[in-house]
Amino acid sequence: MAYQLYRNTTLGNSLQESLDELLQPQQITPQLRFCDNVWTFVLNNVEFREVTELIKVDKVKIVACDGKNTGSNTTE
């Protein structure tokens, strides 16, 4: 399976910074799962903020692959 990696993009960096900021003071306690080098985060009652816009959603699921190279370069 081919994964598109966002780790070194603006999106990936922003997501990592936001999660770190919320996890440290325990403002959020995400449900997470790790299976077959894929992380799944489930967050409830989430707010996404842009400069002039606020979007509230009941549930967000983030699925991300492990950034480590497993030695397999197969793509579909």
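Predicted model: local features only at pLDDT ≥ 70, side-chain atom pairs only at ≥ 80, totals over all residues.
Colleague: In what order do the elements run from the N terminus on?

Modeller: The secondary structure comes to one helix and three strands. Read from the N terminus on, these elements follow one another as α-β-β-β.

Colleague: Which strands stand at the edges of the sheet?

Modeller: The three strands form an open sheet with antiparallel pairing, in the order S1-S2-S3. Two of these strands have a single partner strand each, so one side of each is left without a neighbour in the sheet. The twist averages 20° from one strand to the next, and the strands at the edges are S1 and S3.

Colleague: Which residue in S2 does Phe-34 stand opposite?

Modeller: S1 and S2 run antiparallel and are joined by five bridges. Across from Phe-34, the residue in S2 is Trp-39.

Colleague: Is Thr-40 buried or exposed?

Modeller: Thr-40 has its place in strand S2, which spans residues 38–49. Leaving aside residues up to four places away in sequence, Thr-40 touches Gln-31, Leu-32, Arg-33, Lys-61, Ile-62 and Val-63. Its relative accessible area is 14%, and because the cut-off for burial is under 20%, Thr-40 counts as buried.

Colleague: How far apart are the centres of the rings of Trp-39 and Phe-41?

Modeller: A search of the whole structure finds one aromatic pair. The planes of the rings of Trp-39 and Phe-41 lie at 20°, so the pair is stacked, and the ring centres are apart by 6.1 Å.

Colleague: Which relative accessible area does Trp-39 have, and which does Phe-41 have?

Modeller: The two residues fall into separate classes, because buried means under 20% and partly exposed means between that value and 50%. Phe-41 counts as buried, with a relative accessibility of 19%, while Trp-39 is partly exposed, with a relative accessible area of 32%.

Technical notes
Residues numbered from 1 in each chain as written. Heavy atoms only, no water. Helix = DSSP H or I, 4+ residues; strand = E, 2+ residues; numbered from the N terminus. Buried < 20%, exposed > 50% of the residue type's maximum accessible area, 1.4 Å probe, protein only. Contact = heavy atoms within 4.5 Å. Pairing = 2+ DSSP bridges. Axes fitted to C-alpha atoms, helices over the stretch in contact; angles between N-to-C directions. Phe/Tyr/Trp six-rings, centres within 6.5 Å; stacked < 30°, edge-to-face > 60°.
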